[in-house]
Amino acid sequence: MTFTQIQQKARSVWKAFAGEDRLRILVGTGTCGRAAGAIEVIEAIRDWLKRERIEARVYEVGCLGLCYAEPLVELGRPGAPRLLYGNVTIENVELILHDYFKEGRLPSDLALAVMGEKSIEGIPALMDHPMLKGQVRVVLRNCGLIDPANIDHYLARGGYAGLAKTLAMSPDKVIEEIIKSGLRGRGGAGFPTGMKWEYCRRSAGSRKYMICNADEGDPGAFMDRAVIESDPHSVIEGMTIAAYAIGASEGYIYVRAEYPLAIERLENAIVQAEDYALLGDNVLDSGHRFHIKLKQGAGAFVCGEETALLASIEGKRGMPRPRPPFPAQEGLHGKPTNINNVETLANVPAIMEHGSEWFARHGTDKSRGTKTFALAGKIVRTGLIEVPLGISLGEIVFEIGGGIPGNKKIKAVQTGGPSGGCIPAKLLDMPVDYEKLAAAGAIMGSGGMVVMDEDTCMVDIARYFVEFTHSESCGKCVPCRLGTKQMLQILNRITKGEGRLEDIDLLLQIAATMKQGALCGLGQTAPNPVLTTIRYFRDEYEAHIKRKKCPAAVCRGLVKAPCMHTCPAGVHVPRYMRYIAAGRYSDALDVIMEKIPFPSICGYVCFHPCETKCRRGDLDDPIAVRALKRFAAERGIRRRRKRAPKAKPTGRRVAVVGSGPAGLTAAFYLGKLGHKVAVFERDTQPGGTLRTGIPGFRLPRNVIDEEIERIMKASRFSIRTNSSNISALKLLKRGYDAVLLACGAQKGLKMGIEGEDDAGVFDCLTFLKRFNSSENTNLGGRVSVIGGGSSAMDAARAALRAGAREVTVLYRRTRVEMPAAAEEVEEALEEGVNMEFLTAPTAIHRKNGALILKCIRMQPGPMDDSGRARPVPIDGSSFDKQVDAVIMAVGQAPEDTFASDCKADRGGRIQVDEDTFQTNCNGVFAAGDLVTGPASIIEAIAAGRLAACSIDRYLGGQGIIAEVVAPDKEEESGEMLEEQDAVPRIEIPKRAPKDRVADGGQVELCYSEQSALAEAARCLRCDLEQEQE
Amino acid sequence: MRIFPKDMKEIILTIDGSKVTVPEGTTVLEAACSAGIYIPTLCSDEGLEPYGACRMCIVEIDGIKGLPTSCTTAVSDGMTVRTDTEEVNKVRRMICEMLIADHPADCLSCSSNQKCELQKVASYLGVTQQRLEKTKRESILDNSNPFFGRDLSKCILCGRCVRACREIRGVGAIDIAGRGDASHIATITDVPISESVCESCGECVDRCPVGALAVKTEILPPTREVKTLCPYCGCGCGLVLGVRGGRIVSIRGDTDNVVNRGSLCVKGRFGLDFVGAHDRLTTPLIRRNGKLEKASWAEALELVASRFREIKDKAGPDALAGFSSAKCTNEENYVFQKFMRAVLGTNNVDHCARLCHASTVAGLARTFGSGAMTNSIGEIEHADCIFVTGSNTTEAHPVIALKIKAAVQKHGASLILADPRRIDLARFAALHLRQRSGTDVALLNAMMNVIISEGLGNKDFIASRTEGFEEFKKSVEDAVPERAAEITGVPADLIRQAARMYAKAQRASIIYSMGITQHTTGTDNVLALANLAMITGNLGKESTGVNPLRGQNNVQGACDLGALPDVYPGYQKVDDPAIKKKFEDAWGGSLSEKPGLTLVEIMNAAAEKRVKGLYIMGENPMLSDPNLNHVKEALEHLEFLCVQDIFLSETAQLADVVLPAASFAEKDGTFTNTERRVQMVHKACEPPGEARQDWEIICELAARLGYAMPYRAPSGIMAEIASVTPIYAGISFDRLEENGLQWPCPDRSHPGTAVLHQAKFPCGKGKFHPTPFREAAELPDEQYPYLLTTGRYLYHFHTGTLSRRSAGLEIISPSAPFEINPGDAAREGVVEGDLVELATRRGVVRARAVLTERSPAGTIFMPFHFKEGAANMLTNDALDPVAKIPEFKVCAVRVSKLNP
């Protein structure tokens, strides 16, 4: 048969397949589909067809790339749009079939897309599907659309036309065309493909080899597998073209033995191609001889390295050898050899068919064409995608991938597998091309792309990849074999909390040695995950080493239970959950009080970072830790056990400046340690922010009073209110042995816009202070609150309660990005607070006595350092808003009142030694918001406690304030609960919005005993998880 | 150091600021080394392919990205290299630190302390402080090998052992198993070393840069080292003996020695226990009342002198005979034959060469005019085609086998193997022709028939350098492969392929040994090989030739120095009056012009009481000679037997007087190896007790017989040798220290001769001799249905006198085995390990069965090292009519399973 005849035959086969004159069903049965149950779905479809006596053809096709929605089924019948269904199961398949074929109903809820150009109501056309919209499909041109086991399908869609064109050209012309296209090696290193071919062509010798590297080994990468499984002929055609260009008559495909389906498809495709003389002794009668053999790799990652791959084909141990000589000079059996990866080769037929210019239209100057990626990790739509080079990472993650599940924040994107690097969220705008990725410390790699969210520990990620390269190193060269071993050992000890200060530097030195000294690419790039994580996430390393903290609460060696680990004060949450569940409320309260002196206050208003890391949240909802704490505090107080007695007086005197949570906590513990403590408070009543910043509807005043009174009694320290005109040095002069500055961040920040000094403009703290001291704070009818944090919510809700008719929160980003706790935002909305997102004030004018707030609409712009889109103004979207008052809640800073003696940073934060909390003045310590800037109550409590330890040591004590009050041993014998059914969180009772606004009273109520018991029982007891090795 | 062709282009490069000139193809590391610049390295080793694993030898090279390894980078013109920059050393230091962190670093108790290369590199780099924490390594010990142990916790995975085993030894007993940090050296399927295919050569141990591989007995370092030669086979390997307190405490190959470049086989490396054996002879013994008793030297020497004088006076000088020794030095052989000729007046002197290469001497002398290896050992590696026949080189000449393997593995040579047994070299052979034992002539004639009929011969060479071709041509006209196939059992097509392969090669080398010579057709076999080389012109140029491998360390020298009945030193005929006159002048007195009796003839004459007195120096005919029952009878018929040896051998036990001699380690002198290379032997320690060097004993004896031999040292003897032996005329001890000299070396300025017959043959033109096929003297028949052939094992040598005193060798290769094809064994009801009785028309022995496909069906193989199952009780003493060599290789045998 001539090629034209072959094509004609193929077209008729295709017509029968794609024609609209019959019922047909396509099921994606790539490995991804099979893993999701596609084979069972096919069986169910066949059963149904048989039962219903419906004649329809069922075809198996490859992978469309929408792996998150596997199994995928496409249905077609004459006169109706062909529909693609996702997440088809044996349970729902009958309904889908019934609706489509029997009822003629369109669409079912599970329809993902309409195959073809046109959409129908509610269902996008295939290429308008959000995951496909931004894609350009060259390599994946046939994937999921043809039967990969049928060469005619491939031919009918233009297959082998590129080869036919190639054979009519001279090899030099072919190479020229590939060079012109700008195609670069898709295996990772990005060497220009045409040049590689040319080197091999120019090498002396008549016997040459063409090898396809299908030894895809990066964790999380499956591009090559999908291409081979879905469109094997594209690879074979690409190889045949390459072989013609370089002058090879023998070829190998080196494919992983772990890819049985890919091997089956290749074997089948080779036989078919030979039948049509597209392979063989005389390809398409051109005189070109080319045969392909399959060689199965035994699963050694290093065999992806060219020289190791060659050794493996030769039957030797798969170990790399130094280059030069390059394979193009001395390759397989010492003969010139060209090695290209699957994706590179799959591009080649398209380039030859459509021309280099067509190909070069996509991509950037130096990185032409498209690239496939396997999207995996913490991303909504996982799957296989193909995008034009130069697209930004952010577009891939958020538009194609649909962002991060569960409203979590993105932390990093890992590209290039174990040889690649972790690109931090702040670089998400970076265009994806070879040079940019390399500059960021990562590599393009073969296309693995793993998205990581805030719950990912970057040290652990580095450890994971090093563990991989450590076990996959061939062991030949010392830097790789022992460098990975050393790095793994160091990373292991860091993640176990046994890290040393010099470890980061040591890691960098080992990494440098490997980069410079290792024999092959594996060893040279193996340190990349370590280098990039240190480069971008050094603070996480330091947290592990210095503070023994895993910020993501992941590292098993450090994290007993994520809630407890995340709690700044380290409250043993699972233990008191167990006591609550056992009805032993005072024991539960004792557990809390082992770490914090303010259980009630925290029960009302703690920011509860514990809940964000609660493992129960992965299953259904996190445990309501805060609400249960309030319950324990309320119920447990009645039968409290005696605490450790106060120590003997030491004769030392300590002054604490500020009676907020940090100051009071420190005073409490220092007093208990026997020191004579005086707390100096500027205001008339103690409590600091607890009293001035947090409105009573969230934290009743009597709770503050009771709790302060209780600790003063237990520790016998004194509080001197109305203390002004004091300073640290003065206090030292007055005979105090040590001074702790804990006066918080009480200064409201301004935005720096025109008119913000107007009398109608209030800073949030001042406003709240007045509100909380029951002054009249009625600001008039319309109040705008600027900001999205907790203070903004408090201010807005306070304003409402003070009499404002209309309160509007203006926030320059979107709701998801608001720093305020979600429940506070929810409550504010319930109460009638308006919120305008993506809106920012630009100026404030007073016009005819009325206050005009000039605003502008914003849109998400480039990523900022936190990986959030930076809001940028939309030109021409300015508008005016007439208001009666404006409350600015855009940030706080320490005042310089009491701490002027000590060294501070530019924002006014006092600088202290991280371990001792001591300032640059001897004997003067500082803690809390004064040091950190505005943070949470629980952080202030934790800091106060640590500062107390340090001051005690400074005063000659041991600095030990740990106490075990609650009996605990018998509770440790249980086991972690696993395999739980989903049970949602017991709702926290709240008063009706109308009522609570009207009377200004409590918003939230305490759990009933029944609710508390049920909620506490949901705890998975992660702290009892057995060490799994 | 690698060998480069002479016309190699020179490259000039700059290393650390100095200009260095080296041949093209040199690596940067080699270039630096040649300029005296030290670059630390752990995985690079002489003779091994560059590996690039330790990364220690990284350097900076202008124009090359990164830090290339100098061991894998070839020099190029104008290259600028910096070997010692801070950048480079920083990386090196960290690598070194990682290695040390992964190493037990128990230097003080490590046997490699002071010679450890890791220690050296660490010290060079100044790595002292350990920033890295120790990484854990499993300590896997393998002490299964009797000679060396392996501790993988010390291994740095440089791969030198693996590469040496594969690249140098062609064995491949070990490889790297596992991946990454779990990589470790392992045998195939991870069996203990002793159960692997390891040949215990110790090459890996020698090349281990740390203490991971260590010789068990090398506990204390030597106080001094002495270079000498291996006393076993004819390869002539250089040894370095480490001596401490008068004892040998270490042995290693001499890396400077051109023959072995540091490589040894298991015997040379580990089998020298005999030197210090407790049963060495320490005093003379005299038979009194049928028993050998200790005696003084004076008593013993006087007794020997008087008995020899008595017999000579009574029955004439030819009633005396002497066996010289292929184990003794050239000087001692010279003195011995001179003693026999000048003092006793007989030419009845011979030695065991008669049993191995008499046919070579006879055959090659007739065709070329000289009977020795035409070419050199080192050239083998560069041949295009190697035809090995009748030589189990791996086991009998292990270090020469390395060259054959290297030729195949490294340089792509084709190996044609013609051997009935599937010997080790078959693994490397392109063609293996398994001819029936004793049919070599038929096979060779057929090959020549093919070459001539297909016009593959070298017509120029035949025309210009040879004579007798036409007649010869006719003699092989009928020898078509099909006919040969019937005789030999080798398929005709295979014969054709072999003929073509050999004839078409640019440089084809023939290597043979006892499998060719020990036949009643031995001389014909040799002639046929010579014919084959001549018709293809494979003579007189490098890497070609006809190369008989000599069996004993100094069998070549013993022949050269006239320990033969028909020639004086240097193959000068005793019946040539001019020669006789020359020696009479040199030695004083008159000499016999009558050629003496050969070894077997002497035995026969003794049996017939024509020879009455026999003087045996360092030979053990009671095990080495065919038909031992006959030998025993002959020796018992003697009136007087004097044996001079280092042990009370089977022969010495029959002696009237036994004289204790010194071993090779206890004497100075020279050995001539199989490639005609005369090399120095140096004394490492004193002989035990009253033992003396052989030449001293002979001189004493001569004096007592009234003939003065006033030599003061072996160097003086060599001076006399040079004066009467034209082929040794240019040789003196002062010229031999470096690489020795290959004879002919006619004058003091002559560099020696690597390739014989370059311009012409000693006899002028090469002479073709037709060799019609004859069957062996005794063929299997109904009564004795199997063919018995004999040979050597790697682990033992000759009659075992030396090797069987090594405990380790005995562990690896104990007791007397025989090899039988499993099919034959099944027929005889014999299973592996059975004690079986083997009987021929001459004798009966018992041996343990080894079932192996190495033996072709119908053939029994037996090594002759074991006195408890002495193969030569069975062998046939039928002689080759020309060379008088017995037919060890073919006789008929019967196998009978013993009743339990």
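Which residues in α18(A) meet which residues in α22(A)? I started my notes with that contact.

**Ground rules.** I am working from a predicted model, in which local features need pLDDT of at least 70 and side-chain atom pairs count only at pLDDT 80 or more, while totals for chains, interfaces and linings use all residues. Residues are numbered from 1 along each chain as its sequence is written, chains are lettered from A and ligands numbered from 1 in the order in which they are written, and side-chain values use heavy atoms, with hydrogens and water left out.

**Entry 1: two helices of chain A.** I looked up helix α18 (residues 458–472) and helix α22 (residues 528–546) of chain A. Helices (H or I, at least four residues) and strands (E, at least two) are DSSP runs, numbered from the N terminus. On the α18(A) side I found A:Met458, A:Val459, A:Ala462, A:Phe465 and A:Val466. They meet A:Pro529, A:Val530, A:Thr533, A:Phe537, A:Glu540, A:Tyr541 and A:His544 in α22(A). Contact here means heavy atoms within 4.5 Å. The two helices pack at an angle of about 135 degrees, with their axes 8 Å apart. Axes are lines fitted to C-alpha atoms, for helices over the stretch in contact, and angles run from 0 to 180 degrees between N-to-C directions. α18(A) and α22(A) are therefore oblique to each other; angles under 35 degrees count as roughly parallel, over 145 as roughly antiparallel, 65 to 115 as roughly perpendicular and the rest as oblique.

**Entry 2: helix α4 of chain A.** Which residues of α4(A) are buried? In this helix (residues 93–103) I noted A:Val93, A:Ile96, A:Leu97, A:Asp99, A:Tyr100 and A:Phe101. Buried means under 20% relative accessible area, exposed over 50%, partly exposed in between (1.4 Å probe, protein chains only). After the helix comes A:Gly104, with a positive phi near 70 degrees.

**Entry 3: a parallel sheet in chain A.** I traced an open sheet of 5 strands in the order β20-β28-β21-β22-β23, with parallel pairing. Two strands pair if DSSP finds at least two bridges between them. β20 (761–763) and β23 (834–836) stand at the edges with a single partner strand each, so one side of each is left without a neighbour in the sheet. Neighbouring strands here are turned by 25 degrees against each other on average, direction ignored. Strand β22 (residues 806–810) is joined to β23(A) by 3 bridges, and A:Thr808 stands opposite A:Asn834. I also checked the helices on this sheet. α34 (residues 764–772) lies across β20 and β28 (885–888) of chain A, running at about 80 degrees to β20(A). α35 (residues 790–802) touches β21 (782–786), β22, β23 and β28 of chain A, and its direction makes about 170 degrees with that of β22(A).

**Entry 4: strand β25 of chain B.** B:Gly322 stands opposite B:Tyr615, and the bridge partner of B:Leu614 is B:Leu641.

Entry 5: I found A:Ser367 in the loop between α15 (356–360) and β10 (370–377) of chain A; A:Ser367 is buried, with a relative accessible area of 0%. Its C-alpha atom is separated by 6.6 Å from that of A:Tyr434, 67 residues apart along the chain. Most residues other than glycine have a negative phi, and most peptide bonds are trans. A:Tyr160 has a positive phi near 65 degrees and is buried. The peptide bond from A:Glu70 to A:Pro71 is cis, with omega near -10 degrees.
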